[in-house]
Amino acid sequence: MNITLNDKDFPVVVVTCENVCCDDDLQKLKQYWIDLYDRKENFTFIFFFENVKGLSLNTGYKVSKIIAEVKKLPIQYLKKTIIVFKDNMIVDICRLIMSIQKPISQVFLLNTKKNDIKNCIKEILLGNIPDEKIPIFNSCFMDLKK
């Protein structure tokens, strides 16, 4: 497996992916995500993709299908998603995924080459928007008038 799932600091759940994600990794992520919903508590995903190479459009499409399945659950507990990357290819894949399937949570894209990752994550977890230029995608479940 090339994916590590860690919820020891719940409600923060850290997902680390090394190299290429395979179908087994995606299935493991999907089941883990559904299991997190069984806790009936809000949480934040932090995905570390600094070492991912060769992520395919097909993988992005499969992730969009997983998001569609999770969206069908009656209550959405995922409130924020932070994606840490160093290769802009990840941004392109994220944009593809979000063009197919709007995100469940607010999504923050942090570039290890441009952003102070530790500070940005801290600010996001505190409910703040970091004072750095980062792409933010809003959830289809958010009330943007708040």
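Analyst: A cavity here is a set of grid points where a 1.4 Å probe fits but cannot get out. The model is a predicted one.

User: How many cavities of 30 Å³ or more does the count come to?

Analyst: A space counts as a cavity if the probe fits but cannot get out. With a volume of 30 Å³ or more also required, the count comes to one cavity.

User: Which element gives the most to the lining of the largest cavity?

Analyst: The largest cavity, with a volume of about 430 Å³, is lined by 28 residues, and Phe-47, Val-63, Ile-67, Ile-83 and Ile-97 lie nearest its centre. Two or more lining residues come from each of β2, α1, β3, α2, β4 and α3. With five residues, the element that gives the most is α3.

User: How many residues of the lining of the largest cavity are charged?

Analyst: The lining residues divide into 24 nonpolar and four polar. The number of charged residues in this lining is therefore none, since Asp, Glu, Lys and Arg are what count as charged.

User: How are the rings of Tyr-37 and Tyr-77 arranged as an aromatic pair?

Analyst: The search of the whole structure finds seven aromatic pairs. For Tyr-37 and Tyr-77 the centres lie 5.4 Å apart and the planes are at 85 degrees. Planes over 60 degrees apart count as edge-to-face, so this pair is edge-to-face.

User: How many residues apart in sequence are the parts that this pair ties together?

Analyst: Tyr-37 lies in helix α1, whereas Tyr-77 is in the loop between α2 and β4. The pair therefore ties together parts whose separation in sequence is 40 residues.

Key:
Residues numbered from 1 in each chain as written. Predicted model: local features only at pLDDT ≥ 70, side-chain atom pairs only at ≥ 80, totals over all residues. Heavy atoms only, no water. Phe/Tyr/Trp six-rings, centres within 6.5 Å; stacked < 30°, edge-to-face > 60°. Helix = DSSP H or I, 4+ residues; strand = E, 2+ residues; numbered from the N terminus. 1 Å grid on protein atoms, 1.4 Å probe; cavity = no way out; pocket = protein on both sides within 12 Å on 5 of 7 lines; lining within 4 Å. Points joined across faces, edges and corners; volume = space filled by probe spheres on them.
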